[in-house]
Amino acid sequence: MAQTIPTPESSLGKPLRATAGSLESNDIFIALAPGEPGGNEITLESIVMKQFGPAILRVIEESLAEHDLTGVTVTAQDKGALDCTIRARMEAAIRRYKEARS
Amino acid sequence: MRDKLMPDMVTALKEAGLADGMAISFHHHMRNGDHVLNAVLEAAAAMGVKDLTLVASSVFPVHQPLIEHIKNGVVRAIDTNYMSGPVAQAVSHGLLETPVIFRSHGGRPRALREGSRSVDIACMAAPTVDRMGNVSGILGPSACGSLGYAVPDAECARHVIAITDTYLDKPLERVSIPHDRVNSIVRLDSIGDPKGIVSGSTSMTRDPVALAIARKAAAAIRASGLLKDGFNFQTGAGGASLATAQYLREDMIRQKVRGGFLLGGITKYLVDMLEEGLFEAIYDVQCFDLAAVESIGRNKAHQEISADTYANPSRRSCVDYLDVVLLGASEVDVNFNVNVHTDSNGIIIGGSGGHNDAAAGAAMTIIVAPLIRARLPIVVDQCTTITTPGKTVDVLVTERGIAVNPARPDLADRFRAAGLDVRSIEELRALALSIAGEPRKVAFTDRVVGRVEYRDGTIIDAIYMPA
């Protein structure tokens, strides 16, 4: 599947972007990249935006808070994932992001 | 013999007397490979004709140019049984000034016969035509098999144009539409793209949810007491429906049951069951794949039937003899009403087709659907649009359990006795919500973009434009 999200590179050429999930039905694709320090910026696209948009955003924010992550941009493309799936994809993306940064 | 062959489409339409405000009709056997509807409207637009009513048995993604013809005033209204793709989306967002009239595959021929829906010119995609004007669906590069939905149009329209890419000098051996119903003939380079007309092969689903639903649906048929010699069956072409048919096939072989007829849209799986001797006949109103097209061409037990014979509610039609029908759903509400017109955002994604016809006729109507589809609970408090009234729906089979309409305690008893996982529909609704969460309600405007006419002619619902 085609990904159009640009990948920022660190000075060492190491990708600073971490992803998890897929664009399959019932899944969510999460991409984390460095953002403005202090806060987090979340961009969400969802096929169930009208029904669950705020609920999905809440789970993403909770996951970031649980892992004490700030200063990132989150790009999420949702294909109808359940909360448990969103949490799992967020956790995987956050771990990969921290690993890439360390 | 007066030559029926016209030099081009514009001449044919002029000869037919096409004028502003007329109703022109199309059948949908070319499905998403159809070239005819677009070609006719292009000619009508070139002639400067306005305000046509499009009476098309279905509208597909390939018909996207229709949007421009509506904006330009060539087409003013649509009367159809099913709509998907860009036209359906544009209509959902208010493209038409007047609401679309949605009918069923049986309601359409009823309306044509009783005259409540008149048609001036039927523009018939005709895979092969001979010089007399006889039409066959089983020959030619655009062969589609059955022409069942074209029959009432051919018999009721004031003027019939057969539009073909295969014109024979010798008389046809087998005829779907006889020459005396055809006024003129037009040749196009191609009336359809075979890849869009029929799918090459429908592969069996491997989706574990669909397979779980299919196993439960097959168990429900076994337990119903209906599976015995003479069993008449219809199924849709969806993954869970076809998988159920495969399990049913195994049950019939094991129990040595010989069924009566198979009905509806026909696929390879049903053709195989006929050839294995599991059924006496196929009554085919529409072929869905190449195997079905080939079969109807060579097997006498595979019979073409008209839309009237299939489902016209003003007669006793094939659906009235069905023992079991398997149908899909976009939503099912707690009163067993079913929606196949709109998605949960209120966007038009289909229409009845034969849904509410088969449901009304069958001794047992089974809806097969996942409990949750992409986080949206399929069991809802109230359907966004009612296609098929709950009083004609007996059973809902999901991967998480089976709900039986309270009007059928006999079936619930049989299912329980067979050890099936029977739950109330409210229980399934609560289960769906506990997994997916409560969806926010989608807001609608008060603008009506579609009216749903039940097969008997009563208006049973309106489709509103989303806010």
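Author: Two strands are said to pair if DSSP finds at least two bridges between them. The model is a predicted one, in which local features need pLDDT of at least 70 and side-chain atom pairs count only at pLDDT 80 or more, while totals for chains, interfaces and linings use all residues, and side-chain values rest on heavy atoms, without hydrogens or water. Residues are numbered from 1 along each chain as its sequence is written, with chains lettered from A and ligands numbered from 1 in the order in which they are written.

Let us settle on strand β3 of chain B, residues 52-56. (Strands are DSSP E runs of at least two residues and helices H or I runs of at least four, numbered from the N terminus.) Five of the five residues in β3(B) are buried, which means under 20% relative accessible area, with exposed being over 50% and partly exposed in between (1.4 Å probe, protein chains only). In a regular strand, side chains alternate between the two faces of the sheet. Here B:L52, B:L54 and B:A56 point one way, and B:T53 and B:V55 point the other way.

On to the partners of β3(B). Strand β2 of chain B (residues 23-26) runs parallel to β3(B), joined to it by four bridges. One bridge pairs B:A23 with B:T53. Between β2(B) and β3(B) the chain passes through helix α2 (residues 36-47) of chain B, in a right-handed β-α-β crossover; that is, with the strands pointing away from the viewer, the path from the first strand over the helix to the second runs clockwise.

Strand β4 of chain B (residues 75-80) is also a parallel partner of β3(B), over five bridges. In that pairing, B:A56 has B:T80 as its bridge partner. The crossover from β3(B) to β4(B) goes through helix α3 (residues 66-71) of chain B and is right-handed.

With a relative accessibility of 13%, B:S84 counts as buried. Setting aside neighbours within four places in sequence, B:S84 is in contact (heavy atoms within 4.5 Å) with B:V59, B:F60, B:P61 and B:I349.

B:D343 sits in the loop between β18 (338-339) and α13 (355-361) of chain B, and is partly exposed at a relative accessible area of 21%. The C-alpha atoms of B:D343 and B:A90 are 14 Å apart, although 253 residues separate them along the chain.

Chain B also has an open sheet of nine strands with mixed pairing, in the order β15-β14-β13-β12-β16-β19-β23-β24-β25. Each of β15 (302-304) and β25 (422-423) of chain B has a single partner strand, so these two stand at the edges, with one side lacking a neighbour in the sheet. Within this order, β23 (residues 395-398) and β24 (residues 401-404) of chain B pair in the antiparallel sense over four bridges, and B:L396 stands opposite B:A403 of β24(B).
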